[in-house]
Amino acid sequence: MIEVKNIEKSFGESKVLKGISTTFEPGKTNLIIGRSGSGKTVMLKTLLGIHTPDGGTISFDGRVYSDLTPDEKRALRTEIGMVFQGSALFDSMTVEENVAFPLQMFTTKRARDIKARVDEVLARVNLKDANKKFPAEISGGMQKRVAIARAIVNNPKYLFCDEPNSGLDPETSIVIDELIQEITKEYNITTVINTHDMNSVLQIGEKIVFLKNGIKEWEGDNEQILETRNKSIVEFVYSSDLFKKVRESMLAESEEEHHHQQQNNNNEKA
Amino acid sequence: MIKALHQIGRYFMMLKEVFNKPTKWKVMRQLIFKDIDDLISGSMGIVAFISFFIGGVVAIQTALNLTNPLIPKSLIAFATRQSVILEFSPTFISIIMAGRAGSYITSSIGTMRVTEQIDALEVMGVNSLNYLVFPKIIAFLLYPFVISISIFLGIVGGWLAGVYGGFIGSDEFITGIQRDFVPYHIAYAFIKTFIFGFVLATIPSFHGFYMKGGALEVGKASTTSFVWCCVVIIFVDYILTQLLLS
């Protein structure tokens with residue numbers, strides 16, 4: 001579990017995170033959502049230790065990050081898998097070399113065992129026959145799968161994903177979302193996803209933290225988000241025409257239902 | 001001025017981090033061999049070509065300027081040898097290497113920065129500076145080998161241009177290159193080469209590693225790194241010449 005207590009982060013005069021507290025539980029897909037500039041990328045980078053918070057604490061299963069020694073921090077980072085927005089695959093390495101990289105760096109496994117584990121993980125993300133290809137030779141969706149494979153190959157406890165659907169078509173996005181959720185459950189990983197993709201929010205948002213101007217405006221799950229009356233959330237969720245129409249039809253349906261129920265009640269009374 | 005001091009301070013902080021927390025030897029060994037191939041072996045062609053012809057040009061120009069019949073023709077070989085060993089091979093070739101290997105280093109590390117590959121290394125817990133820069137420093141320990149080849153080819157170029165251009169006889173040239181030979185000059189050339197090798201490995205890495213922006217900025221960083229490499233090489237050349245030859 002990742003516990004965030006009152007974290008603050010500023011860049012010069014600009015205060016980006018203003019005292020955010022929340023928890024991210026294992027075995028769940030935890031989402032950080034918000035408009036561009038709301039602070040979600042800074043929050044993710046702060047959780048990853050790329051940015052140092054100005055105040056507050058982040059603890060990983062009870063280990064407070066700021067209290068760890070540099071060696072302990074490095075050891076903790078080996079427990080973290082990360083899927084970057086642009087995949088961040090090493091372009092001079094083949095797919096299998098990319099996936100094998102964390103094992104070569106942090107384990108004493110033999111080449112044969114590494115190969116077996118790489119094949120297993122690549123099969124898990126449904127990627128076959130691409131082992132010898134370079135990242136530039138495969139599609140964006142396949143690159144994302146390789147990035148996920150690299151992130152989980154060393155059995156991480158924590159998985160962070162920065163906009164995993166960015167640049168992907170809706171169908172591939174769903175596949176990637178489902179894959180992340182399956183892996184989260186299968187390995188009981190604490191997964192934190194940074195996104196503004198509403199499909200992901202509704203599909204895999206088991207815990208959703210909504211940020212607005214560096215403040216945690218709301219938190220809940222993908223069912224609660226549809227029912228909330230929080231104005232900022234409603235504006236954010238229903239900002240697209242498609243979702244507006246869905247909401248209008250949902251409201252019309254519920255109004256109709258309400259009307260029917262009232263009519264039935266009147267009939268019964270009569 | 002403050003910005004320049006900040007950059008210098010940052011450069012030395014980077015050097016400290018490069019030698020901190022080493023990458024696993026098994027992985028590092030592969031990186032070193034790859035960098036030797038890219039930076040040293042890959043530069044041999046251009047170094048050989050330039051050295052050979054510049055050696056020839058130095059011999060021809062010296063020959064054309066020796067109009068006094070009292071001056072022995074063996075001086076053509078002497079001048080070629082001295083120019084090549086003392087200045088041309090260590091310094092001029094280092095400037096060429098700043099363009100060839102330096103730009104490659106800055107653009108490759110810069111592209112890794114732009115595409116978040118360096119962030120990926122850091123998040124995994126890898127000391128990215130050690131992983132990226134240390135193998136280049138080790139690869140450049142072979143730089144004196146490149147300069148030895150350059151010296152050899154420069155003198156051979158001078159010999160061929162002198163003899164086949166009809167400026168000097170072969171025996172006279174051989175006599176000339178042995179004349180007043182000071183072995184210390186070779187040591188001086190290699191001391192310079194080691195230091196230039198370190199400059200060539202670290203300054204382009206610094207500009208690539210700390211660059212910000214996108215593809216356009218990678219190009220700008222490569223240009224800046226070339227300019228700074230040249231400035232530092234020429235400045236260090238001056239200091240070392242004062243210290244070692246005066």
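Which residue of β4(A) is the bridge partner of K5(A)? In β4(A), that partner is T57(A).

## Basis of the description

This is a predicted model, in which local features need pLDDT of at least 70 and side-chain atom pairs count only at pLDDT 80 or more, while totals for chains, interfaces and linings use all residues. Residues are numbered from 1 along each chain as its sequence is written, and chains are lettered from A and ligands numbered from 1 in the order in which they are written.

Helices (H or I, at least four residues) and strands (E, at least two) are DSSP runs, numbered from the N terminus. Two strands pair if DSSP finds at least two bridges between them.

## The four-stranded sheet of chain A

An open sheet of 4 strands in chain A has the order β2-β1-β4-β5, with antiparallel pairing. Because β2 and β5 (63-64) of chain A each have a single partner strand, they stand at the edges, and one side of each is left without a neighbour in the sheet.

Strand β1 (residues 2-11) of chain A is joined to strand β2 (residues 14-24) of chain A by 8 bridges in the antiparallel sense. Within this pairing, I2(A) has F24(A) of β2(A) as its bridge partner. The hairpin of β1(A) and β2(A) has 2 residues between the strands, and G12(A) takes a positive phi near 65° there. β1(A) also pairs with strand β4 (residues 55-60) of chain A, antiparallel and over 5 bridges. Helix α1 (residues 40-48) of chain A lies across β1, β2 and β4 of chain A and runs at about 65° to β2(A); such angles run from 0 to 180 degrees between N-to-C directions, and axes are lines fitted to C-alpha atoms, for helices over the stretch in contact.

## The six-stranded sheet of chain A

A further open sheet of chain A has 6 strands in the order β6-β7-β8-β3-β9-β10, and its pairing is mixed. Its edge strands, β6 (80-83) and β10 (215-220) of chain A, each pair on one side only. On average, neighbouring strands of this sheet are turned by 20° against each other, direction ignored.

Strands β7 (residues 158-162) and β8 (residues 190-194) of chain A run parallel and are joined by 5 bridges. In β8(A), V192(A) stands opposite F160(A). Helix α5 (residues 140-152) of chain A lies across β6 and β7 of chain A, at about 170° to β6(A).

## The helical chain B

Chain B contains 10 helices and 0 strands. Its C-alpha trace spans about 70 × 40 × 35 Å along the principal axes. Of its 246 residues, 41% count as buried, that is, with 20 or more other C-beta atoms within 10 Å of their own, the C-beta atoms being placed from the backbone. Among contacts (C-beta atoms, placed from the backbone, within 7 Å) between residues at least 6 apart in the sequence of chain B, 87% join residues at least 24 apart.

## Packing of α7(B) against α9(B)

Helix α7 (residues 143-164) and helix α9 (residues 183-209) of chain B have axes that come within 9 Å and cross at roughly 130°. The contact involves Y143(B), P144(B) and I147(B) of α7(B), together with A189(B), F190(B), T193(B), F194(B) and G197(B) of α9(B). These residues divide into 6 nonpolar, 2 polar and no charged; Ala, Val, Leu, Ile, Met, Phe, Trp, Tyr, Cys and Pro count as nonpolar, Asp, Glu, Lys and Arg as charged, and the others, Gly among them, as polar.

Definitions and conventions
A residue is buried if 20 or more other C-beta atoms lie within 10 Å of its own, exposed if 12 or fewer, and partly exposed in between; C-beta atoms are placed from the backbone. Two residues are in contact if their C-beta atoms, placed from the backbone, lie within 7 Å.
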